Amino acid sequence: MANAVHVLFFALLTLHYCNCKTLKRDVKALNEIKASLGWKVVYAWVGDDPCGDGDLAPWSGVTCSHANQGDYRVVTELELYGVSIVGPFPVAVTSLLDLRRLDLHGNKLTGSIPPQIGRLRHLMTLNLRWNKLQDSIPPEIGQLKKLTNLYLSFNNLRGAIPKELGDLPELRYLYLHENRLMGRIPPELGNLPNLRHLDVGNNHIIGTLRELIRVEGCFSSLRNLYLNDNFLTGGIPAQIANLRNLEILYLSNNKIAGIVPPEIASLPRLTYLYLDHNSLTGRIPDAFYQHPYLKEMYIEENQFRPGVSPIGVHKMLEVSDTEFLF
């Protein structure tokens, strides 16, 4: 109890005497974060002004810019990744209303992503991958209309993928792999005009590809579709050939049956096709072996006719950190 009182007194004292050029709302939020959690990074947070006061540099991981009105500065980026942060997601972050980028990946954050995350209406990048976050993905993320990059992979998130993610018109990259998500992929995601990369691999997703790609014109910008290591059933619909920008189709380790439609070989940019460890039958159409760009086609552990052979040398498709730079 004494420590809590001391922390509160410290935060109030800092605010009272701070002749900061940073908006008081943001100073208060960052001091709440600094005072309440034992983050290693905050030991580099010295001085009263998070955005720097001329003599001192801005606090580590904090980027500021001038507000639209007045001489005050506001926090626009908070990047505290890979610094062994332990504890629940800091709700005070959601008071930084001018944030464009929030990157807390590679830590040990636990608990839930708070629904207050929907307050960050200017957010363009939300990167929380490689933590220990639990519970469901809050549908309030669908209120972040400027969001282009959403990275929630490698956590312990559960429940269904909220259909509200289909309300993000600027979303380009959606990484949800390596969680415990259940249910079907909401078809609303197909309405996202700018979505280039969708990865829901290594979850507990059910349903069929036909349910996902059932509307003409859906996923019009999609380049990479990762659905591997789930519980998808049914067949591979010929409608996948309508995804004209598709380069990677990763369907390994599901329960998909039936034949491989020859129409898929007409995808002009198809480079990687992973069909292994399913229940596919028949033969691979010759058009796949004649495709000018197809580098890898992995097909083992199915029920194809004898004589069917893969293309290229199989390797696991891994996401590198360079894919997160933009």
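Is W45 buried or exposed, and what is its relative accessible area? W45 is buried, at a relative accessible area of 2%; buried denotes under 20% relative accessible area, exposed over 50% and partly exposed in between, with a 1.4 Å probe and protein chains only.

The model is predicted, so local features need pLDDT of at least 70 and side-chain atom pairs count only at pLDDT 80 or more, while totals for chains, interfaces and linings use all residues. Residues are numbered from 1 along each chain as its sequence is written, and side-chain values use heavy atoms, with hydrogens and water left out.

**View 1. The stacked pair W45 and W59.** The whole structure contains 5 aromatic pairs. W45 and W59 form a stacked pair, 4.9 Å centre to centre with 20° between the planes. Rings of Phe, Tyr and Trp (its six-membered ring) pair if their centres lie within 6.5 Å; planes under 30 degrees apart count as stacked, over 60 as edge-to-face and the rest as tilted. W59 is also buried, with a relative accessible area of 2%. The charged end of K34 sits over the ring of W59, 4.9 Å from its centre; this requires NZ of Lys or CZ of Arg within 6 Å of the ring centre and within 35 degrees of the ring normal.

**View 2. The stacked pair W130 and F154.** These rings lie 4.0 Å apart centre to centre, with 5° between the planes. W130 belongs to the loop between β6 and β7 and F154 to the loop between β7 and β8, so the pair ties together parts 24 residues apart in sequence. Helices (H or I, at least four residues) and strands (E, at least two) are DSSP runs, numbered from the N terminus. W130 is partly exposed at 47% relative accessibility, as is F154 at 23%.

**View 3. Strand β2 and its partners.** Of the 7 residues in β2 (residues 73-79), 5 are buried. Strand β1 (residues 62-66) runs antiparallel to β2, joined by 5 bridges, and T63 has E77 as its bridge partner in β2. Strands pair if DSSP finds at least two bridges between them. β2 pairs with β4 (residues 101-103) in the parallel sense over 3 bridges, with D103 in β4 as the bridge partner of E79.

**View 4. The open sheet β8-β10-β12.** Its 3 strands pair in parallel. β8 (158-160) and β12 (204-205) each have a single partner strand, so one side of each is left without a neighbour in the sheet. Between β10 (residues 180-183) and β12 there are 2 bridges, and M182 stands opposite H204 in β12.
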